[in-house]
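Please look over the structure shown here. The briefing that follows goes through it topic by topic.

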Amino acid sequence: MTCVRRQTLGFCRAARKIHARYEATRRMQHLLIDASRSSIEIARTRRLVRVTEQKGWKLAEQFVRTRLARQLHQYRSQLDSTIGQLETQKVYLASEAEIVRDLIALGEEFEQVRFDARDDRLIVTTLPIELEGTWLGPFAVGLDLKSLSTISKGYYDVIALDPCPSRTRDDVTHPHVQSGELCEGEAQTAITNALKQGRLLDFFQIVHGVLGTYNSSSPYVSLDDWNALRCNDCGDTHSPDDGYICGQCDDSICSGCQSICTTCSEIVCGSCSKRCESCQESVCEKCVQECTDCDNHTCNDCLTEKRCKSCAKETEEAESEDESGQSPIQQHPLPEVHADGMGQTAVLA
């Protein structure tokens, strides 16, 4: 009972701060009307007026002045319309008591609810999520109360607490979550309205509903490809059963790109595979060396004293020539010349 009372008091303190943040945001929104783009365009046109005046371009100056007048009239109409809406319409905003009730309900529905007063963040933790047999784990939905005045992308994030990302994209932890940002789809309007009105329970429930639903028409990565691997050589995806792991760099390769070292029979990717210049067979980096004479890649089977077959043959011929001191054609012995053959010319056989 004491624990429940302490939790309720914590929710009351959090609701007071959250409601105060909403009130401050509503006062700020009177100034943050949708006229910022118009004011930027007006400033740009005013600069053009000054340029045309300095250059003496009369026709251009008349044209941009006309444009500036039209923009100012539109801006004034926009201001009048916004002021009228603020005076006649009252936007619903949840009371402090309603926010307390929402926080209590969130505590009962979700795994954990925590308010970080220092960072002005309300964080709700979901139970583990599983979609069509794919385990995705629990998520933390963090609402940044400081960003309530904009209600734009980035005012809340969805972080995987036990990430099970797609094998092809580490930044996708859910078919509809990329880099902590939820693709809201058709729920965007409902999420925005709930947050603007301070309906925190509705906001987190809708976000959780999106997380618990799979839309096969617009995922960042489809569930069919969630556990697929990307081939390091060709870039195509393949199932774990239709691929291999390079024995040198541990990268994934598909069956069409894998090479088998003819020396040690290890499976390697294209980056770790070399071709022996002597036998033209595919070998891995462990089983290939550079010939000390010509620097050609040569497999261990084709090396003789760290020389490829061609360089080893040339070395043997050179050494044989050095030992005889003669060229191969001079190594044949001359025929003997007998006494009765004096005066005759010896002819090589």
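His174 stands opposite Val177 in β8. His174 itself belongs to strand β7, residues 172-174; strands (E, at least two residues) and helices (H or I, at least four) are DSSP runs numbered from the N terminus. This is a predicted model, in which local features need pLDDT of at least 70, side-chain atom pairs count only at pLDDT 80 or more, and totals for chains, interfaces and linings use all residues. Residues are numbered from 1 along each chain as its sequence is written, and side-chain values use heavy atoms, with hydrogens and water left out.

**His174 and its sheet**

- Strand β7 is joined to strand β8 (residues 177-178) by 2 bridges, and the two run antiparallel; strands pair if DSSP finds at least two bridges between them.
- The open sheet here has 3 strands in the order β7-β8-β9, with antiparallel pairing.
- Because β7 and β9 (181-182) stand at the edges with a single partner strand each, one side of each is left without a neighbour in the sheet.
- His174 is buried, as its relative accessible area is 0%; buried means under 20% relative accessible area, exposed over 50%, and partly exposed in between, with a 1.4 Å probe and protein chains only.
- The side chain of His174 reaches the backbone oxygen of Leu211 at 2.6 Å.
- Not counting residues up to four places away in sequence, His174 touches Leu131, Leu136, Phe139, Val210, Leu211, Thr213 and Trp226; contact means heavy atoms within 4.5 Å.

- A second topic is an open sheet of 4 strands in the order β1-β2-β5-β6, with antiparallel pairing.
- Its edge strands, β1 (112-116) and β6 (156-160), each pair on one side only.
- On average, neighbouring strands of this sheet are turned by 15 degrees against each other, direction ignored.
- Within the sheet, 5 bridges join strand β2 (residues 121-125) to the antiparallel strand β5 (residues 139-144).
- Thr125 has Ala140 as its bridge partner in β5.
- Helix α6 (residues 200-211) lies across β2, β5 and β6 and runs at about 140 degrees to β5; axes are lines fitted to C-alpha atoms, for helices over the stretch in contact, and angles run from 0 to 180 degrees between N-to-C directions.
- The 12 residues of α6 should span 16 Å at 1.5 Å a residue, and the end C-alpha atoms are 17 Å apart, which agrees; the expected span is 1.5 Å times one less than the number of residues.
- Leu200, Leu201, Phe203, Phe204, Val207, Val210 and Leu211 are the buried residues of α6.

**Aromatic pairs**

- The structure holds 3 aromatic pairs; rings of Phe, Tyr and Trp (its six-membered ring) pair if their centres lie within 6.5 Å, and planes under 30 degrees apart count as stacked, over 60 as edge-to-face and the rest as tilted.
- One of them is the edge-to-face pair of Tyr155 and Tyr156, at 5.0 Å centre to centre with 65 degrees between the planes.
- Phe203 and Phe204 also form an edge-to-face pair, with 4.8 Å centre to centre and 70 degrees between the planes.
- Tyr155 and Tyr156 are both buried, and so are Phe203 and Phe204.
- Ring pairs link Tyr155, Tyr156, Phe203 and Phe204 into a cluster.

**The protein as a whole**

- The protein has 7 helices and 19 strands.
- Of its 349 residues, 33% count as buried.
- Among contacts between residues at least 6 apart in sequence, 46% join residues at least 24 apart.

Key: Polar contact = N/O pair within 3.5 Å; in protein donor to acceptor, adjacent residues only side chain to side chain.
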